[in-house]
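Work through the exercises below with the model open in a viewer. Try each task before reading its solution.

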Amino acid sequence: MVPCSQSPFERLAYTRPILDSIAFYVAVDPFLGPPSNLVSLLLTSRTVHEHLCVKNNSHLYSEIFRFKFDVAALERRLSPTWTSAPCLANELRHRCVALKYIRQGRVSGPPDRDALWRAYLMMLENDGRNEQHLCQWANLPQWALSAVALRCLPLRDYDDLPPDPEGTSLALWLLWMTKRVRNEGLSPCSMVFSSVFPLLVRGYQYPSVLAPDTHFYLPLCEEHDTMSAGFSGPTTLVSSVHYYTHQLQLAVPPLNPAALLNYLVRREARQDNAPLHPQVTDLPATRQEAVARGIPGPALTQEDVAEFHYHTRTHFFDNPRSHGGRSLSETLDVEWFRLVSCHDLWEVERPLRSIVYSLGTMAGNWCGRMIIPDTFAHINATVDYRIEPSSVQMVQERMSCRFEEHHCLRFSEPLVAPPCPSGLGGEDVLNAWLPRNTRIRRKVNGLQIFDPNTGKDTWYETYCPDRAQPYSTAACQRLLNESGMGLYRQSLSASTSDDDDEYEDYVEESLSGVLDIIITGETSEKQGEAWGYYSYIGRVRRWDGLVVLLRIPEDKPAYDSSGCYIFRGYVHGQSLVGRWRDTVTGMDRIGFEGPFVLCRQDDEGGA
């Protein structure tokens, strides 16, 4: 019964669709920012407030959330228990608090934590709307820049991590995901250089991987295994975040890749208008001239240096090439699942386990650069932490390769990763987790590999992502006969525990019969004549999608490991980002190492 003492407007509270519709349109206009205009409506009367408050009308606020923010990624990655009206209404409140905090422009260390996480997770869910709120209304790029400066520039004691490693990593990733370098001024650009260069020089002190690269087989067995990190760098931190009314455990994104990406895109932007070094004129102008002058290869020409200087570029975060017909948030699904499912090395049953590496990711032409420190300066800096990183000179070298993927399918037996020879525990990462003295024979549809440790041959099918049938006809037919073949498929289901208010969500994963992935590659003739001929072989860690590649100079005998380097990293979008190191120094010591990035190319021109 409607009380007669109420005004006609208050009586609308008893005809829910009308008052809810009024409140909705008041809340979403303007689109950007929190629904501030709703406050005046809530103050109209006690009756209206009681009807429209979050406690009594979570459905209204969930609809406001759906209108203002992106929800496709959330619905794709998680079960409906995360997208209920109370969950979305609660998240709306937290996001409004974070957006207002960021918009104020103040950075203050630990108090930034919730805003940093909220913004980062919003960017992982972004299909356009989230970024509008963060960048256009809250001015996130400038705030992230200030957050990086606060955490990196005051460092004086280089023996320690930044004072807030979690916040530093999140701030660097947000800067990478939102800052438009093309329009950046000289002062902010210089500040970024000053902030991230020490992180690159001493990258062995900071997280690059989610789990030590000395371990190929994960999760670890709690009864027998102990974690063996060696000098692969510290593992990333683990954090807990309030996320759609749930407490979400997830890994902090590794710091090193974000530092490198922020550094390189700015360095390359400066190169666009910078002349080549005067000594370049001493080189032959073209390859034809080098041959005519009898200069033996590999040898650089002016043409090679100019191509590297002006045309070899790191992909930006918003590079449309990385979408491949998918939404932006779909390209970030791997990033999201990697963080939420790869934070506990001993956890066997990972509820949110899903795709952490998409089949065919590495197949194709790749081009990029490795940053090489001065050898003696690097060695001195590793033993004397009083040496400032700015004193370590670093040069860049072009990298290019055409990679192929080879898959061990369910009817074959994958190679056994040998133990680490130094006795540290784990597997032999310095040989890319492959048995030493392995014999590989390339055949029409794959690789026949002999493992000297087991005395057995095994077969890896070459994967061709551009074909309707990515494997040989025989392999495809066999997969079809054995319960069907398909690429990774993801489905979600929620199971309820004894407490009706608790839910455990599981991501079910079908692996299409792939048990192991080996990557091979080689430098093209064009780039080999300039930068040297190399072959590559490596493996993908199934637990988190970590790619490890062994690069071998083609003029080296098999027993000589000098000049060989290991490259370890994750694929972010269309870029493989990580760190390289020599293979002569054991994993019990800091090796000769530095950062690298390889970016997928559209054609063979860049390879």
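Predicted model: local features only at pLDDT ≥ 70, side-chain atom pairs only at ≥ 80, totals over all residues.

**Exercise 1.** Describe how helices H11 and H13 pack, and decide which class their angle belongs to.

Solution. 
Step 1. Find H11 at residues 165-178 and H13 at residues 255-271.
Step 2. Read the geometry: the axes lie 9 Å apart, at an angle of about 40°.
Step 3. Angles under 35 degrees count as roughly parallel, and 65 to 115 as roughly perpendicular. The angle of about 40° therefore makes H11 oblique to H13.
Step 4. The crossing of H11 over H13 is left-handed.
Step 5. List the contact. H11 contributes Pro165, Thr168, Ser169, Leu172, Trp173, Leu175 and Trp176. From H13 come Leu255, Pro257, Ala258, Ala259, Leu261, Asn262, Val265 and Arg266.
Step 6. Sorted by class, this contact has eleven nonpolar, three polar and one charged residues.

**Exercise 2.** H11 also packs with H10; find the angle, the handedness and the residues that meet.

Solution. 
Step 1. H10 covers residues 140-152, and its axis is 8 Å from that of H11, at an angle of about 145°.
Step 2. H10 passes H11 in a left-handed crossing.
Step 3. On the H10 side the contact residues are Leu140, Pro141, Ala144, Leu145, Ala147, Val148, Arg151 and Cys152. On the H11 side they are Gly167, Thr168, Ala171, Leu172, Leu174, Leu175 and Thr178.
Step 4. By class, the contact of H10 with H11 has eleven nonpolar, three polar and one charged residues.

**Exercise 3.** Which residues of helix H9 are buried, and what covers them?

Solution. 
Step 1. H9 spans residues 129-137.
Step 2. Its buried residues are Asn130, Glu131, His133, Leu134, Cys135 and Trp137.
Step 3. The cover over these buried residues includes H5 (58-68), H7 (85-104), H8, H10 and H11.
Step 4. Look just past the end of H9: Asn139 there has a positive phi of about 55°.

**Exercise 4.** Which parts of the chain does the salt bridge between Arg113 and Glu166 tie together, and is each partner buried or partly exposed?

Solution. 
Step 1. The closest N and O atoms of Arg113 and Glu166 are 3.3 Å apart, and the pair forms a salt bridge.
Step 2. Arg113 belongs to helix H8 (residues 113-124) and Glu166 to helix H11, so the bridge ties together parts 53 residues apart in sequence.
Step 3. Arg113 has a relative accessibility of 32%, so this residue counts as partly exposed.
Step 4. Glu166 has a relative accessible area of 16%, so this residue is buried.

Methods:
Residues numbered from 1 in each chain as written. Heavy atoms only, no water. Axes fitted to C-alpha atoms, helices over the stretch in contact; angles between N-to-C directions. Helix = DSSP H or I, 4+ residues; strand = E, 2+ residues; numbered from the N terminus. Parallel < 35°, antiparallel > 145°, perpendicular 65-115°, else oblique. Left-handed = near helix turned anticlockwise from the far one by under 90°. Contact = heavy atoms within 4.5 Å. Nonpolar A, V, L, I, M, F, W, Y, C, P; charged D, E, K, R; others polar. Salt bridge = Lys/Arg side-chain N within 4 Å of Asp/Glu carboxyl O. Buried < 20%, exposed > 50% of the residue type's maximum accessible area, 1.4 Å probe, protein only.
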